[in-house]
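Hello,

Here is the structure for you to look over. My notes follow below it.

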Amino acid sequence: MSLRLLIWRIAVKGEKIMKSKAMVLVEPGRIELREFEVQPPAPEEILIKTRVTSVCSTDIKILHGQVGSARYPVIMGHEFTGEIVEIGSEAAKRYPLAVGDRVTPEPYIPCGHCLWCRTDHHYHNCPDVQTYGLSLACDRSPYLFGGYSEYVYLVTGSLLHKLAPQAPDLAGSLSSVLGNGVRWIKTLGQMSFGQSLVISGAGSQGLCTLAAAREAGVGPVVMLGLSSDKARFDLAREIGVDHIVEVDRQDPLQAVPDLIGGPPDVVIETSAVPAAIQTAIKLVRRSGRVVSIGLSGGKQTPITFDDLVWRDITLVCGKGQAGNVTDAVRLINSGKYHLKKSTTFVTHCRIWDVR
């Protein structure tokens with residue numbers, strides 16, 4: 001046990017006094033503030049003190065009972081940064097980490113042994129995969145498995161990434177979001193230097209996709225959004241977007257080809273708005289790719305598949321950031337692209353700072 005944790009665990013009349021507050025989603029629509037006793041981590045676990053947690057849009061769906069894999073009661077929060085307080089003896093052998101290091105875990109905890117886990121970029125499809133803040137219910141000890149808590153236990157099999165000293169906690173908590181952006185560009189989009197791109201949606205997914213695109217040398221890049229997205233567009237300009245189209249004021253089917261000299265090679269659709277998905281399919285060039293990754297909450301989107309077939313379009317869908325967070329953390333640790341901008345980026349990612 002670390003000296004720091006030992007001091008925190010000063011006992012009074014034999015009772016341990018170290019507690020952790022956590023927001024518990026007892027059932028869909030009902031959240032309660034509870035306290036849990038913080039025990040030493042098991043040999044294969046790591047205990048961290050949470051520093052910043054992002055409220056993902058998936059959390060909103062979990063709150064409303066729209067995610068089938070959610071287990072209640074649950075402490076939500078799967079995008080977070082924490083400082084290591086104590087490392088179990090077995091975990092110390094596996095991870096080159098020390099007390100005081102700041103880490104960001106990937107949301108998915110794969111088994112590490114099945115076919116999916118042995119296939120590049122697919123361990124999130126592991127049949128036994130667990131997810132922080134989603135499938136790890138807080139009805140069993142040590143209870144604290146989500147970022148909406150002051151402390152979190154990182155369990156065996158966790159994929160951890162160490163933050164550089166200069167990397168902000170806020171940027172670190174977005175590692176999986178930026179990992180998504182890398183996945184949409186690199187793994188699903190299969191994009192290369194100099195290819196043209198349209199990003200549909202100016203939220204956190206769109207902004208992180210833009211950062212990943214700039215890092216990969218993709219361009220020109222056009223971002224589609226609404227006139228109400230002004231603050232997001234301002235950040236997009238800082239990151240390096242080439243053009244912006246406000247779809248409630250301009251028709252992107254006309255505006256985009258005029259701006260970049262023809263249809264784009266790839267369209268990445270992040271909003272899941274049915275009309276936006278349809279626009280993406282119409283907008284991309286022949287033999288181009290459409291990457292559609294947004295969740296609509298069960299809404300149906302009518303698609304004319306003849307358009308895909310006759311124009312030889314590849315439509316790709318996907319979830320998660322499996323295999324792409326390492327690249328994202330490199331980008332975070334580099335300090336590029338103003339990912340720590342709190343007045344704009346945080347607004348869209350809805351960060352909960354527990355300090």
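Gly 217 counts as partly exposed, because its relative accessibility is 22%, and buried would need under 20%. Bear in mind that this is a predicted model.

Gly 217 sits in the loop that links H6 to strand S13 (221-225). The residue comes just after H6 and has a positive phi of about 80°. Beyond its neighbours within four places in sequence, Gly 217 is in contact with Phe 193 and Gly 194. Gln 195 is 22 residues away along the chain, yet its C-alpha is 8.2 Å from that of Gly 217.

**Helix H6**

Among the buried residues are Ser 204, Gln 205, Leu 207, Cys 208 and Leu 210. Ala 211, Ala 212 and Ala 213 are buried too.

**Helices H8 and H9**

Now the helix pair. H8 spans residues 252-260 and H9 spans residues 274-283. Their axes come within 10 Å and cross at roughly 40°. The two helices are therefore oblique to each other. The crossing of H8 past H9 is right-handed. H8 brings Pro 252, Leu 253, Val 256 and Pro 257 to the contact, while H9 brings Thr 279, Lys 282 and Leu 283. By type, the contact residues are 5 nonpolar, 1 polar and 1 charged.

Best wishes

Notes. Residues are numbered from 1 along each chain as its sequence is written. This is a predicted model: local features need pLDDT of at least 70, side-chain atom pairs count only at pLDDT 80 or more; totals for chains, interfaces and linings use all residues. Side-chain values use heavy atoms; hydrogens and water are left out. Buried means under 20% relative accessible area, exposed over 50%, partly exposed in between (1.4 Å probe, protein chains only). Helices (H or I, at least four residues) and strands (E, at least two) are DSSP runs, numbered from the N terminus. Axes are lines fitted to C-alpha atoms, for helices over the stretch in contact, and angles run from 0 to 180 degrees between N-to-C directions. Angles under 35 degrees count as roughly parallel, over 145 as roughly antiparallel, 65 to 115 as roughly perpendicular and the rest as oblique. A crossing is left-handed if the near helix is turned anticlockwise from the far one by less than a right angle, and right-handed if clockwise. Contact means heavy atoms within 4.5 Å. Ala, Val, Leu, Ile, Met, Phe, Trp, Tyr, Cys and Pro count as nonpolar, Asp, Glu, Lys and Arg as charged, and the others, Gly among them, as polar.
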